[in-house]
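Here's a quick tour of a protein model with several chains.

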Amino acid sequence: MSDRENILNAVRKALESTGDAKSACTLPELSRPRLEGTQETLIGRFIEEVEAVSGRVHRLANIDSAARQLETLIRAGKTESLAVSRDPIARAISSRVLGRHVVVDPEDNQDAIAEADMGLTGVRLAIAEHGTLMLAPEDDHGRLAALLPPHHVAVLAVSQLVGTLAEAIEHLASDSQPATITFVSGPSRTADIEQTLVIGIHGPALLDILLIEDTQEEDHPS
Amino acid sequence: MRVQLFVTCLVDQFRPSVGEATVEILERCGCTVEFDDRQTCCGQPAFNSGHHEEAKAVVARTIDLLAEWLDEGGDAIVCPSGSCSAMIAHSSELLADDPVRSEKARRVAERTWELTQFLIDEMKIDDLESSWKGTITLHDACHGLRDLGIRDQPRRLLAKVKGLEVKECASCDRCCGFGGTFSVNYPLISGAMADDKIEEIDASGVDAVVSGDVSCLMQLEGRLQATNSRVKALHLAQLLVERDAGS
Amino acid sequence: MSTIHDIRSSHFKSDAREAIANVELRGALARAQEKSNSKRDRAIQRIADDWESMRDQASAIKTWTLENLGEQLELFERNAVKNGIQVHWAEDAENACRLVNEICADAEARSVIKSKSMVTEEIGLNHTLEAAGLEVVESDLGEWIVQIAGETPSHIVAPAIHHTRESIHRLFEETLGRKIPTDAESMTMVAREVLRQAFLRADVGITGVNYLVAETGSFLVLENEGNQRLTTSLPRVHIAVSGIEKIVPRLADLDLFLRMIGRSGTGQVVTTYQNLFCGPRRSPDEDGPRDMHMVLVDNGRTKLLASEKRRQTLQCIRCGACLNICPVYRQIGGHAYGSVYPGPIGSIFTPQVAGLHKASQLPFASSLCGACKDVCPVKIDIPGILLDLREEIAEHGEGQRDQETELKMKRESPAFRRWSSLMQSPRKYRMSGALVRTMALIASHTSLFDRFIPPLSAWRSTRSVPRPEGGSFRARWRRRTEANR
C-alpha cells in the first residue's frame, strides 16, 4: 500500500476509535471584522500602521505628483538603477523619470534586478488595519522587482485600499487565485541576534508607498 | 454558616498555625468552624506524579467524607490552599469511571472554596480588621491563580490591613519551582526557578513574601534560608489573622 | 517508524544540569523571555476584548478540522493538484526525506536553499540531503547561525535564542575567516551578503508550511526576513514540507489565525511577510518556480488522533508562546529537552511522536504551573496532556521508560502505594505524620541522615529544610475542643 493510503487509513481508524465525539463539533461561523468609518479614516489607519512597522506612505494627488515623489526618493537614495515591473501605473510613473535613470526591466535576467538599487511595482490591494500591501506578482509579471533591490517603492491607488484582512481575503476568494500572493507589512526585519531589531535583512530595507488619489492618465505629458 | 475546614496535609503536619489562623479568621466572619479529623489528603501528590490508581483511592475517600458532611447540613468547605482546592475541583474528572462518586465530587467541588475566595466571593468580606506593620510582596500560587482564577481576592484583603504596604513584583505570577515531586526529581531546575523569583523579592526590600499555599512557601523559605536572606515566607492567613503585629 | 531526528531526550537530567550551570545561557534566556512576553502582552492588549473569543474560535476550527482530517486532506490534495502542485505523502521521516531527495535528484539539483521549517528539522532533512552530496544552506538568520554552529534550534520561532551577540560574533569571524564589526546590524548585513549568493546559486528552495487551505488547495507560510520569498522566487523548484495537521478548511480561516499567530509568537500585529502559494509560475509571470511540490508528512501524528485529549497536541500552530512563558524553559533553554521541539509543547509532542521510550522524562520536566495553557492561542491543555502522559508512563509504561525514569519509578511506585494506604487510614496517617515531622525537625538541624532519604538530599541540594512548627493541627484542634468543653 502507498503512504497515502496508509496515512488516510490510519486517520480513519484513529478517529473511528473515539466514536461519536465527532457529531458534537461543528465548524464555527467566522466573525468577519470590518473597519468602521470613511475612506479618510481608512487612509489614516493605513498610514499609522505602515509607519508603526517602519514603512513610509506618501499621499499624492495624481501620477505627476507621484513621479515627482519618485524623483525625490531617487535623489535622496542616490539611486542609480531602477527595476520597474509591468504594472501599468508603475510604468506610467517611471516613464516620467525615464531617460535620467537606468531602468531595468523584469524581462532582463535576475542578476540585473539583483543589482538594481530600487524596485518599483504595483499592488493588488492594501489593507488598512495592518498596514499591509497585497502583492500579486502576476499583475507585475514577476516577483523579483519587489524583492531583490534594497528599496521597494509600491504604487497604490486610494481605491485599492480595503479595511481589513478579512475583506482582502474575500476579494481573493472571489477572483481566480494567482500563483502567489505576498502580504507585505513593512520592510524586511529580523531579531535573531539577542532580540535586537534590525531592519532589512533579506528583503528590502526601505519600503515607500506612493498612495495616489487619482491614477487616471488624462493629460499625458510630453 | 457551618464551615468544614479542609486543612490539607502540609498545613496539618508542618504549619498548624496556618490552620489555626484560618479558623480564627472564619470565626471572626461569623462562621461556625468544624474539623473532621478523619480527613487526610486531597490526593494531589500521587495524581500529579502519574500514579492515578493510588490517587483515586485517596480522592474517593476524601470526597465521601466531605459529601457526607454536606449531606448532614454542612454549608461550605474552606481550604487554606489554592492547590488542594483545585485538586478537589478536578476530582470528578478523575473519578469519571465511577459515575456516582464522580457526581458526589462535583457536588463537593461546588461547595469548596479556597480561603480568600470564600471570604471575598462568598462572604463578601474584605475587611478583617487586621493590622500588620511592614512591607510584603505577593506570590500568586499557580493552581489558585490559573485553575481557580484567584488574583484579586488576596489583594483586596491585604489592601484593608492597617500598617501594611504591598509591593508588587513583576514575577508575582511566575512559578516558584515547587511542583510537588518535581522539586525533588529536578532539584537544580526547581532551585533555579526559586532563585529567579527570590532575586527580585530580595531586591524589593520587603519583610516577607506572602502566598496562599504552604507548598510554595516551603519552597521559597527553603531557598531564602539557604541564601541567607532576611525575607520571611508567610501564609496569607498568618498575616490576615494579626490584629497588632509587625515584622 | 516515526522518529525525531537526533533525539537525546533520555539525557534530559544531565543536559539540564549542564544548562543550569551555564550562567551566560540563563541570562540570555531570561532577557529573551522578558522581551518577548512584554511585546506579546502589548500586542494582545490592543485587542483584549476579542482575544478570548478568538482563542475559542481558533480552537474550535482546529478541533473540527482534526475530527475531519481525512476528508480535509483529500480535499486539499484534489485542489492542490488542480493548481499544478505535485502532492506527495510520507508516512514517516525516512520516506519524507527520500521523497525530497528524489525530487532534488530529478531536478538535477546541486544546491538547496531552505527557509525556516520545524518539520524538516524533525525529519532530519538537511542531514539526508547533505549525505546525497547536496549543498544545503539555511537562510533564516537564526537558523543559519545554528547551522554554522553545528547545532539544532533551541526555540521553534527563535532558533538562536541561546546565543549572545558575542557568541554569534565569534562564530561569524571563525566561519567567514575575516574581521567583522560587533553590532547586530553589521552582523546581519554580513549574513545578507553571504546568503544572497547562496540564494542566487540555489536550484531548489525548501520551505515549511503554516497553513494548508483545504478548499483552495493553496498554502500559507509566514516570515519576517524575506528569505522565504527569495527561497520561493529564485530557485527552479519549490518543495514545501508540511505535517498533516497544518490544515484549515477555509481560506477565510486564515484571517483569524493570522491575527493571532503574530501577536502570540513575536508580539507583532502580523508578521512582515505572509506568502500564499497557489501553484508554480504561470504565464505571464517572468519568474518563480517552474515546479511546486508538497510533501505531506505523518511521522506519528495519526497515532495522536485516537485520544480526544491528546489529539489537541496537533492543534499547535507553532507560535512559541508556551516556550516564552515557561519558567522551566527559562532556566534550561531548548537544547536540554533533547528534541527539536522543546518547552511545554515539545514535552507533549516529542514523547507521543518519537515514542515514550525516547522521551519519558519530558512529561515530568514541568512544575505543572499551567502558564502555557493560559497563553496558548488554540487552547491546548498542555498540563492536562502532561498528566495523561505521566499516568501512562507511571502505570502502564513498563518497558517503555528510559533508564532515568525507570529508576525514578522503582523508588516512586512503591512509595506511592504506601502513601495511598496511609492516606486512607486516619490512624496510620497520624502516626506516619508524627514520624515525618520528627524526621523533618532533625533534618532542619542536620544533613547527617540525608543519604538514607534520597528525596531529602535532593531537596537540600538547593534548599534548606524548613523547620516544622511542632505538633499537628489536629492535635491543636483536639486540645482546643477539649478546653472549650
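Let's begin with chain A, which has seven helices and twelve strands. Keep in mind that everything here comes from a predicted model.

**Chain A overall**

- Chain A has a radius of gyration of 22 Å, whereas a compact globule of 222 residues would come out near 17 Å.
- If you box in the C-alpha atoms of chain A along the principal axes, you need roughly 75 × 45 × 40 Å.
- How much of chain A is buried? Buried residues make up 49% of its 222 residues.
- Now take the contacts in chain A with a separation of 6 or more: 73% of them are between residues 24 or more positions apart.

**Chain B overall**

- Chain B is built with 13 helices and nine strands.
- Of the 247 residues in chain B, 60% are buried.
- Look at contacts in chain B between residues at least 6 apart in sequence, and you'll find that 80% join residues at least 24 apart.

**Where chain B meets chain C**

- This contact takes 55 residues from chain B and 54 residues from chain C.
- Several helices of chain B each supply at least two residues to the side that touches chain C, among them α1 (9–14), α2 (16–28), α4 (52–71) and α12 (214–226).
- Which helix gives the most to that side of chain B? It's α11(B), with eight residues.
- Sorted by class, the side of chain B that touches chain C has 23 nonpolar, 18 polar and 14 charged residues.

- Helix α3 (residues 48–67) of chain C and helix α12 (residues 253–266) of chain C cross at roughly 125°, and their axes come within 10 Å.
- Left-handed or right-handed? The crossing of α3(C) and α12(C) is left-handed.
- On the α3(C) side, the contact is made by C:Met54, C:Gln57, C:Ala58 and C:Ile61. On the α12(C) side, look for C:Asp253, C:Leu256, C:Phe257, C:Arg259 and C:Met260.
- By class, this contact of α3(C) with α12(C) has six nonpolar, one polar and two charged residues.

**Inside chain C: α17 and α20**

- Helix α17 (residues 343–354) of chain C packs against helix α20 (residues 382–396) of chain C at an angle of about 40°, with the axes 10 Å apart.
- That angle makes α17(C) oblique to α20(C).
- α17(C) passes α20(C) in a left-handed crossing.
- From α17(C), the residues that meet α20(C) are C:Pro344, C:Ile345, C:Ser347, C:Ile348 and C:Pro351. Their partners in α20(C) are C:Ile382, C:Ile385, C:Leu386 and C:Leu389.
- Sort the contact of α17(C) with α20(C) by class and you get eight nonpolar, one polar and no charged residues.

Technical notes: Residues are numbered from 1 along each chain as its sequence is written. Chains are lettered from A and ligands numbered from 1 in the order in which they are written. This is a predicted model: local features need pLDDT of at least 70, side-chain atom pairs count only at pLDDT 80 or more; totals for chains, interfaces and linings use all residues. Axes are lines fitted to C-alpha atoms, for helices over the stretch in contact, and angles run from 0 to 180 degrees between N-to-C directions. Helices (H or I, at least four residues) and strands (E, at least two) are DSSP runs, numbered from the N terminus. Angles under 35 degrees count as roughly parallel, over 145 as roughly antiparallel, 65 to 115 as roughly perpendicular and the rest as oblique. A crossing is left-handed if the near helix is turned anticlockwise from the far one by less than a right angle, and right-handed if clockwise. Two residues are in contact if their C-beta atoms, placed from the backbone, lie within 7 Å. Ala, Val, Leu, Ile, Met, Phe, Trp, Tyr, Cys and Pro count as nonpolar, Asp, Glu, Lys and Arg as charged, and the others, Gly among them, as polar. A residue is buried if 20 or more other C-beta atoms lie within 10 Å of its own, exposed if 12 or fewer, and partly exposed in between; C-beta atoms are placed from the backbone. The radius of gyration is taken over C-alpha atoms; the globule rule is 2.2 Å times the number of residues to the power 0.38.
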